[in-house]
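Good morning, and thank you for coming. Please look at the sequence and the model on the screen while I describe them.

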Amino acid sequence: MLSQTNRPIMKNDTKKQNSSMNTKVELHICANPDYLCVARSAVRQVAYISGLEKNETEQLTLAVVEALTNVIRHSYGGPSDKPIIIKFNKINCPDGKKPALEIVIRDFGKQVDPKTIEGRNLDDIKPGGVGVHIMQSVMDKTEFKKAEDCGMLLRMIKYIE
Amino acid sequence: MTNNQSYPQNVIKAIKHHNQDVIMQLAGEIDMKSSAKIKDKFKEIFSQKPQSVIVDMTEVNFMDSSGLAVLVGALKRSRINNSELKLTGLTKDVRGIFEICRLETIFQIFDTTDEALEK
């Protein structure tokens with residue numbers, strides 16, 4: 001079936017439907033530091049509902065804020081109205097089948113080779129540049145990927161003990 | 001569970017003077033937005049050449065690496081100015097970010113502002 005623009009309308013797309021059914025919460029914010037507090041509130045509520053302890057919740061909040069700050073600074077080159085999508089899923093990890101909270105952050109900015117994204121040397125004491133290190137320290141898994149068309153996908157997992 | 005104090009308004013709660021020391025009381029959540037205000041305030045404070053600057057973080061319940069970067073910058077500035085920078089009242093979560101980045105030994109950290117003033 002085609003729409004008036006001759007583009008196919010995706011109906012009953014099982015894969016798409018399943019991914020949206022698995023997504024428990026999806027938050028869209030613009031790449032502006034004013035909205036980091038909105039993301040924090042959402043992370044804390046989702047973590048609470050998912051059964052994370054307080055200290056794990058704060059670690060998760062920190063990781064998400066670090067990720068969003070990096071998107072604002074590096075993917076978009078500074079604050080803007082461009083979108084960032086944050087998806088929260090409660091999943092069972094295939095390895096060990098532990099329940100976990102999965103957070104996927106999608107931006108539509110610059111694409112970089114995921115292999116170049118790493119924490120810097122902490123022996124060099126200077127302001128900034130530790131966001132990736134923090135994410136990797138507090139989350140059980142972090143994975144950067146190039147998104148299909150533009151931007152990056154960051155997938156982070158925190159096991160629920 | 002709700003947190004109605006997550007919006008980082010007035011993150012700089014108060015600036016007090018104690019002899020030649022300045023006490024900066026912070027409150028709430030320090031992130032990319034609010035850390036910029038703190039950075040500007042440090043610049044202003046250090047221009048007055050205090051003997052020490054004590055940052056009371058008792059009421060800070062969240063801080064990310066933007067906040068940490070501002071504190072590292074302030075520490076460097078204090079050394080140039082022959083001042084001291086002391087942090088007080090760090091919560092467990094806030095202290096955690098210092099430990100993750102291995103900065104807990106770089107700063108002078110005290111439990112209370114009174115302790116920091118004595119030393």
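Predicted model: local features only at pLDDT ≥ 70, side-chain atom pairs only at ≥ 80, totals over all residues.

In chain B, B:His18 stands opposite B:Asp21 in strand β2(B). Residues are numbered from 1 along each chain as its sequence is written, while chains are lettered from A and ligands numbered from 1 in the order in which they are written.

Let me stay with these strands. β1(B) and β2(B) run antiparallel and are joined by 6 bridges; two strands count as paired if DSSP finds at least two bridges between them. Strands themselves are DSSP runs of E with at least two residues, and helices are runs of H or I with at least four, each numbered from the N terminus. The hairpin of β1(B) and β2(B) has 2 residues between the strands, and B:Asn19 there takes a positive phi near 55°.

B:Lys86 has B:Gln108 in β5(B) as its bridge partner.

Now chain B as a whole. The chain has 4 helices and 5 strands, which follow the pattern β-β-α-β-α-β-α-β-α along the sequence. Its radius of gyration is 13 Å, close to the 14 Å that the globule rule gives for 119 residues, so chain B is as compact as a globular protein of that length. That radius is taken over C-alpha atoms, and the globule rule is 2.2 Å times the number of residues to the power 0.38. The C-alpha trace of chain B spans about 45 × 25 × 25 Å along its principal axes.

What share of the 119 residues of chain B counts as buried? The share is 44%. A residue is buried if 20 or more other C-beta atoms lie within 10 Å of its own, exposed if 12 or fewer, and partly exposed in between, with C-beta atoms placed from the backbone.

I turn to chain A. Its open sheet of 5 strands has the order β1-β2-β3-β5-β4, with antiparallel pairing. Here β1 and β4 (141-146) of chain A are at the edges, each with a single partner strand, so one side of each is left without a neighbour in the sheet. The twist averages 15° from one strand to the next. Strand β2 (residues 83-92) of chain A and strand β3 (residues 99-107) of chain A run antiparallel and are joined by 9 bridges; A:Asn89 stands opposite A:Glu102 in β3(A). Against this sheet packs α3(A), touching β2, β3 and β5 (152-159) of chain A, with its direction at about 15° to that of β3(A).

Helix α3(A) is mostly covered, as 17 of its 22 residues are buried. Just after α3(A), A:Gly77 takes a positive phi of about 70°.

In strand β1 (residues 25-30) of chain A we find A:Ile29. Why does A:Ile29 count as partly exposed? Because A:Ile29 has 17 C-beta neighbours inside 10 Å. Beyond its neighbours within four places in sequence, A:Ile29 is in contact with A:Tyr35, A:Val38, A:Ala39 and A:Ile84, where contact requires C-beta atoms, placed from the backbone, within 7 Å.

Finally, the two chains meet. Chain A brings 26 residues to the contact and chain B brings 22 residues. On the side of chain A that touches chain B, α2 (36-50), α3 (54-75) and α4 (131-138) of chain A are the elements giving two or more residues. Of these, α3(A) gives the most, with 8 residues.

Methods:
Contact = placed C-beta atoms within 7 Å. Axes fitted to C-alpha atoms, helices over the stretch in contact; angles between N-to-C directions.
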